[in-house]
Amino acid sequence: MIIRLFLSLALIGGVLWFAARLAKKKGLGQGNGVIQVVARQRLGRASTVNVVRVADVVLVIGATEEQVTLLAEVDGEAVDAALAERSPARPRPAGEASDGTPAVPAARPAPDGVLAGSVLDRNSWGTLVDELRERTVRRS
C-alpha cells in the first residue's frame, strides 16, 4: 500500500512537472514585461494603492472592491530612485520601523516563473497568509 502511495505521488509530480514545462513553452503564466506592479500598499480592508509601470509610464492607482481610480502619473526616474534608496537598507527588528513606530508589512514582490499566480506559487500562499493575518488581528 505504501509503494502504491509513492507511485501515485510520483505520477502526480510527473504530471505537474510536464504541465509546468508545457506552460513555459507556450508562454503561459508569464507577463510580457510591459506591465509591472512596482509597489502595493493596503490602506484598509478593501482598498489599496498600487504603483504600476506600463512601458515607460508610472501610474499610481487606487483600487477598492467597486472601482479602480487613476490617482496620479509620476516620474519613472523618481520611482526608480526611491526603490534604489529602499533596497540597501539594513534589516530592522521585527515589528519596528525606522522611527520606532510599528512596521506595516511590505507588499510581496511580484512573482516570476511558470507557476506565478497559480495555486502552486509560494508567494501566492504567502500573500494569502498575510491577508488573513491582517483581517484577524485584534486592534485596541
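Predicted model: local features only at pLDDT ≥ 70, side-chain atom pairs only at ≥ 80, totals over all residues.
Start with the charged pair. The salt-bridge count comes to one, and the partners are Arg53 and Asp80, whose closest N and O atoms sit 2.6 Å apart. Arg53 belongs to strand β2 and Asp80 to helix α2 (residues 76–86), so the pair ties together parts that are 27 residues apart in sequence. Asp80, at 39% relative accessibility, counts as partly exposed. In general, side chains of opposite charge can pair when their charged atoms come close.

Now for the nonpolar side of things. The largest nonpolar core has five residues in all: Val38, Val51, Val58, Val60 and Val79. Val58 is a handy place to look around from: leaving out residues up to four places away in sequence, Val58 touches Val51, Val52, Arg53, Ala72, Glu73, Val74, Gly76 and Val79. That list includes Arg53, the residue that bridges to Asp80. Nonpolar side chains tend to be buried together in soluble globular proteins.

Back in strand β2, which spans residues 48–54, there is also Thr48. With 17% relative accessibility, Thr48 counts as buried. The Thr48 side chain makes a polar contact with the side chain of Asn50, at 3.4 Å. Setting aside neighbours within four places in sequence, Thr48 is in contact with Gln41, Arg42 and Leu43, and also with Ile61, Gly62 and Ala63.

Terms used
Residues numbered from 1 in each chain as written. Heavy atoms only, no water. Helix = DSSP H or I, 4+ residues; strand = E, 2+ residues; numbered from the N terminus. Buried < 20%, exposed > 50% of the residue type's maximum accessible area, 1.4 Å probe, protein only. Polar contact = N/O pair within 3.5 Å; in protein donor to acceptor, adjacent residues only side chain to side chain. Contact = heavy atoms within 4.5 Å. Salt bridge = Lys/Arg side-chain N within 4 Å of Asp/Glu carboxyl O. Core = buried A, V, L, I, M, F, W, Y, C linked by side-chain atoms within 4.5 Å.
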